Amino acid sequence: MEYLQGRALTNAVGNLDVQDAYADALKQLGHNLEDIVEQEKDAALGNGGLGRLASCFLDSMATLNLPAWGYGLRYKYGLFKQRISKAGQEESADDWLEKFSPWEVVRHDVVFPIRFFGKVEVHPSGSRKWVGGEVIQALAYDVPIPGYKTKNTNSLRLWDAKASAEDFNLFQFNDGQYESAASLHARAQQICAVLYPGDATEEGKLLRLKQQFFLCSASLQDIIGRFKERSAKKDQILWSEFPSKVAVQMNDTHPTLAIPELMRLLMDDEGLGWDEAWDITSRSVAYTNHTVLPEALEKWSQAVMWKLLPRHMEIIGEIDKRFIKLIESTRPDLEGKIADLRILDNNPKKAVVRMANLCVVSAHTVNGVAQLHSDILKSELFADYVSIWPAKFQNKTNGITPRRWLSFCNPELSRIITKWLKTDQWVANLDLLTNLREFADNSELQGEWESAKLASKKRLANYVLQVTGVSIDPNSLFDIQIKRIHEYKRQLLNILYAVYRYKKLKEMSPEDRKNTTARTIMIGGKAFATYTNAKRIVKLVNDVGAVVNSDPEVNSFLKVVFVPNYNVSVAEVLIPGSELSQHISTAGMEASGTSNMKFALNGCLIIGTLDGANVEIREEIGESNFFLFGATADEVPRLRKEREQGLFKPDPRFEESKQFIRSGAFGSYDYNPLLESLEGNSGYGRGDYFLVGHDFPSYMDAQERVDEAYKDRKRWMRMSILSTAGSGKFSSDRTIAQYATEIWKINECRVP
């Protein structure tokens, strides 16, 4: 559903390896490359890690010369543009398409009909046909994705929704019924207006489901059309070849409707029988799970599905029925669990379709995105499915493109790496970074490394001054947490620590303060518009920053900054300038994370829990170069149960921090609802589900270790170099090569 692309210009000239020539050409025309780059707005097609991962994968697929496409929607206003006021976060429509995007190519000849609502007709032959309802047109826009130093350029195909001229009622319009005359056009515009529209209302749920089906149907019609066009015998399509020519990867549960839609297209439009259509579908689709959070494992109301997609509900019902028969005939020991394993939950109070279950039952391969995450999927979330299909489940640890996330965004450090490795081949072969380890204690490299980091920190300080008005000291420790605001990601833990640190600094004598490690804490990210506690966290960070940054006694030793409107281009400034990065989610809650990989690649040290890809990063860079704290994933269930039993005793420093906020030190806003989520033993919005209180003392201890390590500049530089040197595994080139070989079964297709 999303791609967080970032700016295309720097990526294009970098991948084409024409940066210098392009900059010189612009200079001759009286322009500066950096100024031109700033004119481009980030494409507002994504939100967080899921969208950024998809964009890294596109870059790697093109670089590895793989014959692959990305499919998405052409959102006009994106998620939202974030502005910070005294009231906290405010949202407005993103205007990235206001002037137009020079990168997209509209394909007026690539248009497909997408039906909603209607009914199912049964013909005398027994065949079924979905008819009636309303039909929207899907129009293709192609965005080029150039590979690094290769002639291959793949495409990201984005669909826009429109109604046809014949759907405009001229009679009604001339009669003054303007809205009625263009009602279908208006509904079509809603589909690609906003990424993740609010779904608190029935209308919002219906719109989200429309978006998902619109993407799946248009993309599959396009794929089938291309398959038929390239078939050797146009008059006799060999559908048995489809799975060997087409691999469909469902990136999370949002595109799950690809399963019943492919079945419908094969049966109703192409005339195949159920068994043949199911064989083709189940050998063509694969599923990547990106979360273990219950609210993110989509469940759609059966009533809404029957209303919008009646034929698909018939097909899902048949898949469910056949799956139950399979269990009853082959695994009688699981019959007692059928209610949980089946696709349709027929609870009379709230009958739903479990989209993750549909994916697991239908896909030929299911993968997690970090070793810990995949282990949790196999041992907990999908354990019974694993006992049925043990070979179906794999791990594919996520990765990031080293082009955008080091070579292009951090040129100073990149030049130093190339100099010491005596090659720039690491840009396409990140494993070569391991050779930096032999120079980690070299004082000359450490000096150059520190100079490069300082240059990035100064650039970051200028950016922060520009967007927030806050002046920060490049000689302080730059401590950064940038990611979607969510309680499980625990920005609240970070700001509670900042509050405690501020209080202690206030209590110190001027002489004692001089012995502390000066620190600038930066937090950035968007809180979903209807996520109240996340928005309270954003406000708290800003309220704390307003007090701390204006306190003359303390602001030389601590500053707290909220960086607004976080996106890819902002990250490209923040990450190179960071020295400590916080990846502090409750263990077992983050599937992988990829910003942790970006920070580590840029020589930033991580303070974090054993969650997601943190586990593998720590293994690769060395345990002594990672500031570890917190409960482990296998301890979390026991700790939650103990909390329910009233056995948790909070650390006095944790209580002191909360009390300081309640004292009004940071303004009159009522933070009690937020702080109360950390209190009590159970109940909705209570009981500290994400274990902030439990992990607070070990987090404090880890932060003390950070302060001590930072004072030893030689030690810190050595750790920073080893962080970069250990990041080779986390290239998206490696991830995509594994997908290509082990799931998609495809080979490179190099342009001659």
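Let me start with Arg-83, whose bridge partner in strand 3 is Glu-90. Strand 2, residues 81-85, and strand 3, residues 88-92, run antiparallel and are joined by 5 bridges, and the two strands form a hairpin with 2 residues between them. Strands here are DSSP runs of E of at least two residues, and helices are runs of H or I of at least four residues, both numbered from the N terminus; two strands pair if DSSP finds at least two bridges between them.

Please keep in mind that this is a predicted model, in which local features need pLDDT of at least 70 and side-chain atom pairs count only at pLDDT 80 or more, while totals for chains, interfaces and linings use all residues. Residues are numbered from 1 along each chain as its sequence is written, and side-chain values use heavy atoms, with hydrogens and water left out.

Now to the charged pairs. Side chains of opposite charge can pair when their charged atoms come close. The structure holds 66 salt bridges, a salt bridge being a side-chain nitrogen of Lys or Arg within 4 Å of a carboxyl oxygen of Asp or Glu.

One of them is formed by Glu-38 and Arg-7, with the closest N and O atoms 3.3 Å apart. Glu-38 lies in helix 3, residues 33-39, and Arg-7 in the segment before helix 1 (9-15), so this pair ties together parts that are 31 residues apart in sequence. Glu-38 is exposed, with a relative accessible area of 53%, whereas Arg-7 is buried, at 12%; buried means under 20% relative accessible area, exposed means over 50%, and partly exposed is in between, with a 1.4 Å probe and protein chains only.

Arg-7 also forms a salt bridge with Asp-42, where the closest N and O atoms are 4.0 Å apart. That pair links distant parts of the chain, 35 residues apart, since Asp-42 sits in the loop between helix 3 and helix 4 (49-63) and Arg-7 in the segment before helix 1. Asp-42 counts as buried, at 12% relative accessibility.

Which side chain meets Lys-337 in a salt bridge? The partner is Asp-384, at 3.2 Å from N to O. Lys-337 lies in the loop between helix 13 (310-330) and helix 14 (338-341), and Asp-384 in helix 17, residues 383-388, so the pair ties together parts that are 47 residues apart in sequence. Lys-337 counts as partly exposed at 37% relative accessibility, and Asp-384 counts as partly exposed at 22%. Elsewhere, salt bridges that share partners join Arg-107, Asp-142, Arg-157, Asp-222 and Arg-226 into one network.

Let me turn to Lys-228, which has its place in helix 8, residues 202-229. Lys-228 is partly exposed, with a relative accessible area of 30%. Leaving aside neighbours within four places in sequence, Lys-228 is in contact with Lys-234, Ile-237, Trp-239 and Glu-270, where contact means heavy atoms within 4.5 Å. Lys-228 and Leu-238 are 10 residues apart in sequence, and their C-alpha atoms are 9.0 Å apart in space.
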